[in-house]
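Here is a short briefing to read beside the model. Follow each residue in the 3D view as you go.

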Amino acid sequence: MPALIDVLAELDALWPPERAEQWDAVGTVCGDPDAEVRRVLFAVDPVREVADEAVTLGADLLVTHHPLYLRGTTTVAATTFKGRVVHTLIRHGVALHVAHTNADRADPGVSDALAGALDLRVTGPLVPDPADPAGRRGLGRICELPAPEPLAAFARRAAERLPATAQGIRVAGDPDRTIRTVAVCGGSGDSLFDQVRAAGVDAYLTADLRHHPASEAREHSDLALVDAAHWATEWPWVEQAAAQLDEISDRHGWSLRTHVSRTATDPWTAHTAAHTPARAVPAAAPGALTPADHTSGAPR
């Protein structure tokens, strides 16, 4: 079996830490470099439930997309939930490694996995990495659909192919508009609207679209917007990353066991839909409540 230091060297080759954004916190959070690694669990979020899952599984290494300490810390006391995660992992001999924006920029990266989940053909990065002469790395991806389809059908494709969440899929645009090309960005993507418009695509699929950037994007053009939950757009990378380590393990004869967490760590647990259709809000008496119904359950 490989030592942790050997596995981490291969992960850093897949997702070099120097390609992460300057504000990011990637790399190894805890772990003994000389410890043997037999089982590896991949997940999006390093939350307590996932740490407990790693312990129950008997994993020696937990690889997550999101950092545990993105903004730094001065304590790992177990009185905080993040400190409790660190204590749980160290007590049970589980290392924690993070690949965040370095995995976003990779080839293949987070947005490649998102495109693959929707059966989209990637034609190139949305924001190319100038350091990549092959022009394959970078943020986001520009894609083509297998065949043109209405926006409503494309939104259904996203809803069916991505993990279910309380939010579901939000759409802005004419549902009958034909969609042929799409820009995708796993995770928060409303900082890339300039690049999306420059790409000339029909639709943009991402997560965490805020009111003002989305409203301004719609005023600029008839670009269709498809907004999914942050966790849902990044979860396909977990499967992709596990498959990459499987290939490395086979090449080295390591016989590692990789596992993918299917624990839904999206923070939202329910969605209440209004009776009144969008764009048809009636006048209401002061203090009146908007009627609502249908509360959906937790993600599957």
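Glu 10 sits in helix H1, residues 4–14 (a helix is a DSSP run of H or I, at least four residues, numbered from the N terminus). This is a predicted model: local features need pLDDT of at least 70, side-chain atom pairs count only at pLDDT 80 or more, and totals for chains, interfaces and linings use all residues. Residues are numbered from 1 along each chain as its sequence is written, and side-chain values use heavy atoms, leaving out hydrogens and water.

**Around Glu 10**
- Glu 10 touches Ile 248, His 252 and Trp 254, not counting residues up to four places away in sequence (contact means heavy atoms within 4.5 Å).

**Nonpolar cores**
- The largest nonpolar core has 48 residues (a core is a set of buried Ala, Val, Leu, Ile, Met, Phe, Trp, Tyr and Cys residues joined through side-chain atoms within 4.5 Å; buried means under 20% relative accessible area, with a 1.4 Å probe and protein chains only).
- Helix H9, residues 230–252, gives this core its largest share, nine residues.
- Another core lies apart from it, with 15 residues, among them Ala 54 and Leu 68.
- Leu 205 is one of the residues with the most contacts inside the largest core.
- Among the residues that Leu 205 touches are Leu 114, Phe 154 and Cys 185.

**Cysteines**
- The count of disulfides is zero (a disulfide is a pair of cysteine sulfur atoms within 2.5 Å).
- Cys 143 is buried, at 0% relative accessible area.
- Cys 185 is buried too, at 7%.

Definitions and conventions. Helix = DSSP H or I, 4+ residues; strand = E, 2+ residues; numbered from the N terminus. Buried < 20%, exposed > 50% of the residue type's maximum accessible area, 1.4 Å probe, protein only.
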